[in-house]
Amino acid sequence: MKTLKSIIIACSLAIAFSSCAQGQSKSGADYFSGKWNVLVKGTPQGDSKMLMQLESKEGKLVGNMQDTTGKEIAKIDSTLLAGEEVTVYFSASGYDVFMKLKKKDEDHAEGGLLDMFEALADRVKADK
């Protein structure tokens, strides 16, 4: 009977550990690395769509902002990563701006541009 209990406990632990390992999600630089569709709502020129490309290099996020066709419109000057939130700093139309994005789920982030305009980001999935 003790052997059966031991087997059941061992199987339960194995299932629990494998579920935890499969359920681990990306965080920090790993989470924000990649291409994101970004929608900034309510700017004076109306809603603005752009692409944000980020990659992790030497422990820091680097990248650029692109128009919807993929043409670079600004290099990201710097980034600040704090837990599940990133702030990217770049220049747009001659102004230094920043955008904060916080992880919402595995493929979505939300935040704001200049703490004035709502920003929504959706991860661009690679074609398989």
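## Salt bridge E72–K75

E72 and K75 form a salt bridge through their side chains, 3.6 Å from N to O. The model is predicted. E72 is partly exposed, at 38% relative accessibility. K75 is exposed, at 55%. Exposed here means over 50% relative accessible area, so K75 passes the cut-off.

## Other salt bridges

The structure contains six salt bridges. Side chains of opposite charge can pair when their charged atoms come close. K103 counts as buried, with 14% relative accessibility. Buried means under 20% relative accessible area, so K103 falls in that class.

Another salt bridge joins the side chains of K104 and E110, at 4.0 Å from N to O. K104 is exposed, with a relative accessible area of 55%. E110 is partly exposed, at 36%. Shared partners also tie salt bridges into one network, made up of E84, K103 and E106.

## The barrel

Eight strands close into a barrel. Their order is β1-β2-β3-β4-β5-β6-β7-β8, and the pairing is antiparallel. On average, neighbouring strands of this sheet are turned by 30 degrees against each other, direction ignored.

Strand β1 covers residues 34–43, and strand β2 covers residues 46–57. The two run antiparallel and are joined by eight bridges. T43 has G46 in β2 as its bridge partner.

Methods
Residues numbered from 1 in each chain as written. Predicted model: local features only at pLDDT ≥ 70, side-chain atom pairs only at ≥ 80, totals over all residues. Heavy atoms only, no water. Pairing = 2+ DSSP bridges. Helix = DSSP H or I, 4+ residues; strand = E, 2+ residues; numbered from the N terminus. Axes fitted to C-alpha atoms, helices over the stretch in contact; angles between N-to-C directions. Buried < 20%, exposed > 50% of the residue type's maximum accessible area, 1.4 Å probe, protein only.
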